[in-house]
Amino acid sequence: MISRQDMFDVLLEVDPTFQPVWDAFADKWRDQIELPLYLVLGDLARHVIGKLKDGKVGELQHIFAVIERWLADGDELVREATTIGLLEDLQNLSLHKTTSPDHLKQWLGPLAATQWIEVERYWSGKITRA
């Protein structure tokens, strides 16, 4: 089971380019008992969208494999943070200047694809909770 404390260790194994962002985040919040993971997941969303924008799409396969693993093997808090903190941000049109959320769908695993659709349904008003 992947816990909140472990989830970024898994990510940094496959994407060491996120390490400076993680280090700055961890340093800023080092005195907190619980890290505000939703903030760093927003940073991760911008990081992923930046890779898409820069054409570094080969790296996205590995990142999305971790996202799938978070959803499959994460505890309840990890799964919720992945859906609400990351997948929702990846769909945020204001983060996409020259890209589209739809461009990311090709890397979604089955669990992430299901959660992606649930987030879309939530924002369209078709369901009350993603």
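**Entry 1: the cluster.** I began with the aromatic side chains and found that Phe8, Phe18, Trp22, Phe25 and Trp70 form one aromatic cluster.

**Entry 2: ground rules.** I noted that this is a predicted model, where local features need pLDDT of at least 70, side-chain atom pairs count only at pLDDT 80 or more, and totals for chains, interfaces and linings use all residues. Residues are numbered from 1 along each chain as its sequence is written, and side-chain values use heavy atoms, with hydrogens and water left out.

**Entry 3: confidence.** I looked up pLDDT, the predictor's confidence in each residue, from 0 to 100. The chain has a mean pLDDT of 94, and 98% of its residues reach 70 or more.

**Entry 4: pairs.** I found six aromatic pairs in the structure. Rings of Phe, Tyr and Trp (its six-membered ring) pair if their centres lie within 6.5 Å; planes under 30 degrees apart are stacked, over 60 edge-to-face, and the rest tilted. One of the pairs is Phe8 with Phe18, stacked at 6.1 Å centre to centre with 20 degrees between the planes. Phe8 sits in helix 1 (residues 7-14) and Phe18 in the loop between helix 1 and helix 2 (19-28), so their pair ties together parts 10 residues apart in sequence. Helices here are DSSP runs (H or I, at least four residues), numbered from the N terminus.

**Entry 5: buried or exposed?** Both Phe8 and Phe18 are buried (under 20% relative accessible area; exposed is over 50%, partly exposed in between, with a 1.4 Å probe and protein chains only). I then turned to Tyr122 and Trp123, whose ring centres are 5.1 Å apart with planes at 80 degrees, so this pair is edge-to-face. Tyr122 is partly exposed at 31%, while Trp123 is exposed at 57%.

Terms used: Helix = DSSP H or I, 4+ residues; strand = E, 2+ residues; numbered from the N terminus.
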